[in-house]
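Here is a short tour for anyone about to set up calculations on this chain. Take a look at the model first, and then we can walk through it topic by topic.

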Amino acid sequence: MSSSTQLRILTAVILMPAVAAAAWWSPTWLVAGLGAIVAVVALREFFALGDRLGFRAYRFWTCLAAVGIFAQQWHAAQAAIVARLRDPLYLLGTLPVSLEMVLVLFVTGAAIIALGSRRALAEIFSSVSVSAAGLVVIVIPFSAVVRLHSVDVTGAGPSFTLNGLSRAWSAPGLGRQLLLFTLLIVWVGDSVAYFAGHAFGRTKMTPHLSPNKTWEGAGANLLAALLVAAVFAHWMKFPQAHMLKMAALGSIAGQVGDLFESAFKRSAGVKDSGTLIPGHGGMLDRIDALIFAAPAVWYYFEWFVMKRV
């Protein structure tokens with residue numbers, strides 16, 4: 001085993017339990033805060049890639065908007081809980097802060113900065129574009145971790161049908177379980193794909209983007225995610241069909257996210273987005289799959305599960 005592989009494993013052994021513990025024990029507001037910090041670090045690495053191509057972002061304003069997006073996601077999560085209480089007094093006290101409002105404020109601020117900046121006019125288009133791209137490509141999809149963690153369907157009403165038997169669903173810790181599930185399908189999938197690809201990978205997926213990724217490794221990633229889903233379905237007493245579908249979507253979306261980030265790095269002429277995490281590169285390298293996997297799991301749950309509870 002090479003020294004780089006050993007360093008990669010050692011770092012993972014230290015970081016994964018720490019992140020899992022934070023996801024499990026932290027309240028949603030803290031998850032939102034930690035997620036915002038991670039997103040800002042990844043966003044700055046994204047902007048560093050843009051700098052190599054001559055695209056200079058409005059860094060401070062965009063990072064501030066990123067924090068605002070995570071705050072809005074936390075607010076939306078709290079509003080969803082209040083709405084399920086169906087208490088008019090609570091509903092009257094809920095301010096309608098939407099993601100669109102945050103984005104409009106970002107665009108307005110970006111326009112003011114662009115018009116008041118001493119940068120050359122030729123830079124305005126690229127600066128606004130890379131700033132907005134950072135929010136759309138990284139921050140908004142990654143912020144789904146907040147919505148996942150906040151899920152609480154306790155006493156929400158009707159029922160699921162489990163093994164042909166109708167039973168009321170009550171799971172106050174469901175959000176923590178869903179976020180941990182999403183983290184694990186990404187981590188286990190990536191790890192299995194890494195070792196399976198090195199052991200028997202033959203067919204290259206996209207050699208121009210990621211020379212080491214193979215279809216065999218991708219298949220192993222998907223199978224590992226499905227195995228995680230089976231274990232979680234048993235642990236959570238959750239419908240296995242839903243868990244398997246969320247795992248499949250999360251695995252495929254995560255692998256797309258990994259390749260998508262590789263495209264950005266290759267276009268900027270670098271191998272890693274940074275050096276923050278030993279053996280893994282930068283923060284963006286570490287969360288690229290989760291950026292796509294988290295919204296895939298969240299929207300499946302919201303569209304196909306939550307409407308039944």
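Let's begin with Lys265: its relative accessibility is 8%, so Lys265 counts as buried (buried means under 20% relative accessible area, exposed over 50%, partly exposed in between, with a 1.4 Å probe and protein chains only). This is a predicted model, in which local features need pLDDT of at least 70 and side-chain atom pairs count only at pLDDT 80 or more, while totals for chains, interfaces and linings use all residues. Residues are numbered from 1 along each chain as its sequence is written, and side-chain values use heavy atoms, with hydrogens and water left out.

**Salt bridges**

- The side chain of Lys265 meets that of Asp285 in a salt bridge, 2.8 Å from N to O (a salt bridge is a side-chain nitrogen of Lys or Arg within 4 Å of a carboxyl oxygen of Asp or Glu).
- This pair links distant parts of the chain, with Asp285 in helix 11 and Lys265 in helix 10, 20 residues apart. Helices (H or I, at least four residues) and strands (E, at least two) are DSSP runs, numbered from the N terminus.
- Asp285 counts as buried because its relative accessibility is 10%.
- Glu261 joins Lys265 and Asp285 in a network of salt bridges.
- Asp190 and Arg286 form another salt bridge, and their closest N and O atoms are 3.6 Å apart.
- That pair also links distant parts of the chain: Asp190 lies in helix 8 (residues 174–200) and Arg286 in helix 11, 96 residues apart.
- Both Asp190 and Arg286 are buried.
- Arg59 and Asp51 meet through their side chains in a salt bridge of 2.4 Å, N to O.
- Arg59 has a relative accessible area of 24%, so it is partly exposed; Asp51, at 34%, counts as partly exposed.
- Across the whole structure, a search finds 7 salt bridges.

**Overall build**

- The chain holds 11 helices and 2 strands.
- Read from the N terminus, the elements run α-α-α-α-α-α-α-β-β-α-α-α-α.
- Of the 309 residues in the chain, 47% are buried.
- The accessible surface comes to about 15500 Å², and carbon and sulfur atoms account for 70% of that area (accessible areas come from the Shrake-Rupley method with a 1.4 Å probe; for residues, only the protein chains shown count as cover).
- Among contacts between residues at least 6 apart in sequence, 75% join residues at least 24 apart (contact means heavy atoms within 4.5 Å).

**Confidence**

- The chain averages a pLDDT of 86, and 86% of the residues score at least 70 (pLDDT is the predictor's confidence in each residue, from 0 to 100).
- Residues 87–92 have a pLDDT below 50, and this stretch has 3 contacts in the model beyond near neighbours in sequence.
- Residues 155–170 also have a pLDDT below 50, with 32 contacts in the model beyond near neighbours in sequence.
- Where pLDDT is low, the predicted coordinates should not be read in detail.

- Leu7 is found in helix 1 (residues 3–25), and its relative accessibility of 37% is why it counts as partly exposed.
- Leu7, Leu10 and Ile14 make a nonpolar surface patch of about 280 Å². Patches are made of residues with over 30% relative accessible area and no salt bridge: like charges are joined within 9 Å, nonpolar side chains (Val, Leu, Ile, Met, Phe, Trp, Tyr) within 5 Å.
- An α-helix has 3.6 residues a turn, so residues three or four places apart point the same way.
- Thr11, also placed in helix 1, counts as buried at 10% relative accessibility.
- Leaving aside neighbours within four places in sequence, Thr11 is in contact with Ile277, Pro278 and His280.
- The 25 residues of helix 2 (residues 28–52) should span 36 Å at 1.5 Å a residue, which agrees with the 36 Å between its end C-alpha atoms. The expected span is 1.5 Å times one less than the number of residues.
- Gly54 follows helix 2 and has a positive phi, near 85°.

- Val297 sits in helix 11 (residues 283–305) and is buried, with a relative accessible area of 0%.
- Not counting residues up to four places away in sequence, Val297 touches Leu148, Phe181, Thr182, Ile185, Met246 and Gly250.
- The C-alpha atoms of Val297 and Ala247 are separated by 7.5 Å, although the two residues are 50 apart along the chain.
- Lys237 lies in the loop between helix 9 (215–236) and helix 10 (240–268), and is partly exposed at a relative accessible area of 48%.
- The phi of Lys237 is positive, near 55°, in a residue other than glycine.
- Most residues other than glycine have a negative phi.
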